[in-house]
Amino acid sequence: MQVPSTITPASGRVAVLCAGMGAVATTFMAGVLLARRGLGQPIGSLTQMGTIRLGPRKDGRAPKIADFISLASLDDLVFGGWDIFPDDAHAAAVDAAVLSAADLDTVRHELAQIKPMRAVFDPAYVRRLDGSHVKTGKSKADLVEQLRDDIRAFLRLHECSRAVCIWCGSTEVFQEPAPCHASAQAFERGLLANDSAISSSQIYAWACMKEGVPFANGAPNLTVDFPAAWELARSCGVPIAGKDFKTGQTLMKTVIAPALKARMLGVRGWFSTNILGNRDGEVLDDPGSFKTKENSKLGALELILQPKLYPALYDEIFHKVRIEYYPPRGDAKEGWDNIDLFGWLGYPMQLKVDFLCRDSILAAPLVLDLALFLDFAKRAGLSGTQEWLSFYWKSPMTAPGLTPEHDLFIQLKKLKNTLRWLKGEQLITHLGNEYYD
Ligand SMILES: NC(=O)c1ccc[n+]([C@@H]2O[C@H](COP(=O)([O-])OP(=O)(O)OC[C@H]3O[C@@H](n4cnc5c(N)ncnc54)[C@H](O)[C@@H]3O)[C@@H](O)[C@H]2O)c1
């Protein structure tokens with residue numbers, strides 16, 4: 001791959017469209033509005049808080065990422081989206097009960113102006129929800145066209161020069177790729193024929209790509225991770241990324257598992273359970289949606305520990321993941337992990353992790369980073385799957401046949417090296433022998 005010769009400057013307003021305006025999307029929007037006024041800090045956002053080391057350690061060069069790569073400024077973001085419920089972003093945020101009434105009141109006026117556009121929704125894919133704020137169309141191809149009209153109208157109305165879209169919608173039921181997912185042509189035929197294997201999230205992704213709008217998938221659904229979508233993304237010059245925000249338990253898993261493996265400690269069992277009571281939890285209470293999430297959560301451990309390469313350490317690992325819908329907790333999820341490990345001569349040990357987190361507080365900064373990085377990627381001329389954004393995902397998308405990288409710190413190194421590469425800076429290998437010449 002060639003280093004892009006030019007990166008278009010980040011001038012003009014950027015539409016950030018959230019497909020699904022529930023807890024995560026509205027917490028993201030409210031947070032940016034508060035941060036913009038200096039009334040809150042964008043904690044957890046690499047683009048806003050992070051720095052990047054450039055050149056040798058002795059040089060002490062570590063600019064903020066946002067300055068190094070000229071990202072769009074928070075002031076230039078304009079929020080919009082789609083939902084199956086007509087509530088504006090303020091009402092939806094009140095309902096999600098993540099942020100305090102005081103915080104939401106401060107930006108009430110701006111949030112109330114963010115009204116969702118009518119959604120594309122097939123209840124077969126999200127069985128626990130039913131909303132009336134939905135589009136109707138002759139075919140799925142027609143729905144794609146309606147979404148494209150929405151995007152164009154939004155850009156015109158809000159005088160935006162470009163857009164990005166993040167799927168913040170509910171988790172759809174588990175699905176293997178079908179024949180319509182094999183090529184762009186097959187998918188177009190499927191849209192015209194109302195192929196039941198084409199889900200709502202795929203219709204959004206298709207419309208966005210056709211409009212040249214970068215797309216990221218915050219849920220574990222197939223959405224944009226199949227050959228037809230990879231092909232369209234490349235041919236339309238659109239960066240895509242996914243899937244499933246890596247926020248709580250899996251974030252910890254992809255930190256702890258590489259540490260145990262680095263020390264060659266064995267693992268016999270890893271039991272992960274969660275309680276959460278938000279709408280996401282309610283949707284995941286449906287076995288079809290849970291299976292999509294379970295698959296996404298299960299994958300990381302085996303790929304990190306590589307039992308085939310280290311049979312003595314990981315061959316017999318028993319890995320189980322549960323999610324329990326427990327309304328009293330709302331968005332304040334609790335994720336427990338019990339790890340049965342063993343050390344020298346096989347002596348057993350245990351590690352317990354109890355992460356009392358807040359789902360949407362962890363996810364909101366990821367939405368911001370992904371919106372800004374995808375906009376940057378598009379301006380840098382990148383298209384197709386953006387593997388350097390693996391850092392953000394439970395199930396990172398990769399080129400076909402490649403094993404995804406799950407180790408959080410390798411992912412971060414990859415992300416930063418990609419930024420250095422794009423800007424013509426020296427890559428950092430951490431070899432460091434030059435200091436001893
Ligand atoms: N919060 C986290 O830490 C986290 C981590 C990983 C993944 N996720 C995923 O992010 C997504 C959003 O989470 P959330 O907590 O905001 O959920 P939520 O239930 O609060 O919001 C989802 C919204 O999507 C809407 N929706 C569903 N289908 C739609 C469609 N076809 N078109 C438009 N809107 C649609 C719902 O009406 C709802 O308002 C979920 O899929 C969740 O699994 C969240």
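Biologist: How many residues of domain 1 are in contact with domain 2?
Modeller: There are 25 from domain 1, touching 27 residues of domain 2. Two residues count as in contact if their C-beta atoms, placed from the backbone, lie within 7 Å.

Biologist: What kind of model is it?
Modeller: It is a predicted model, where local features need pLDDT of at least 70, side-chain atom pairs count only at pLDDT 80 or more, and totals for chains, interfaces and linings use all residues. Residues are numbered from 1 along each chain as its sequence is written.

Biologist: Where are the domain bounds?
Modeller: Domain 1 covers 13-245 + 360-422, and domain 2 covers 249-356. Those bounds come from an automatic or database domain assignment. The domain centres, taken over C-alpha atoms, are 26 Å apart.

Biologist: Switching to the ligand, which residues come nearest?
Modeller: G20, G22, V24, A219 and R279 do, out of 37 residues around the ligand. A residue is near if its C-beta atom, placed from the backbone, lies within 6 Å of the molecule.

Biologist: Which elements give two or more residues to that shell around the ligand?
Modeller: α1 (23-36), β2 (77-83), α12 (279-284) and α15. The most come from α15, which gives 4 residues. Helices (H or I, at least four residues) and strands (E, at least two) are DSSP runs, numbered from the N terminus. Each of domain 1 and domain 2 supplies at least three residues to the shell.

Biologist: And what is the shell by class?
Modeller: It has 20 nonpolar, 12 polar and 5 charged residues. Here Ala, Val, Leu, Ile, Met, Phe, Trp, Tyr, Cys and Pro count as nonpolar, Asp, Glu, Lys and Arg as charged, and the others, Gly among them, as polar.

Biologist: Next, the inside: which residues have the most contacts in the largest nonpolar core?
Modeller: V367 and L370, in a core of 101 residues. Helix α15 (residues 359-379) provides the largest share, 12 residues. A nonpolar core is a set of buried Ala, Val, Leu, Ile, Met, Phe, Trp, Tyr and Cys residues joined through C-beta atoms within 7 Å. Buried means 20 or more other C-beta atoms within 10 Å of the residue's own, with exposed at 12 or fewer and partly exposed in between; C-beta atoms are placed from the backbone.

Biologist: What does V367 touch?
Modeller: V24, F28, I166, C168 and G218, leaving out residues up to four places away in sequence. Another core lies apart from the largest one, with 13 residues including A257 and Y314.

Biologist: Last one: how many helices and strands are there?
Modeller: The protein has 16 helices and 11 strands. Buried residues make up 46% of its 437 residues.
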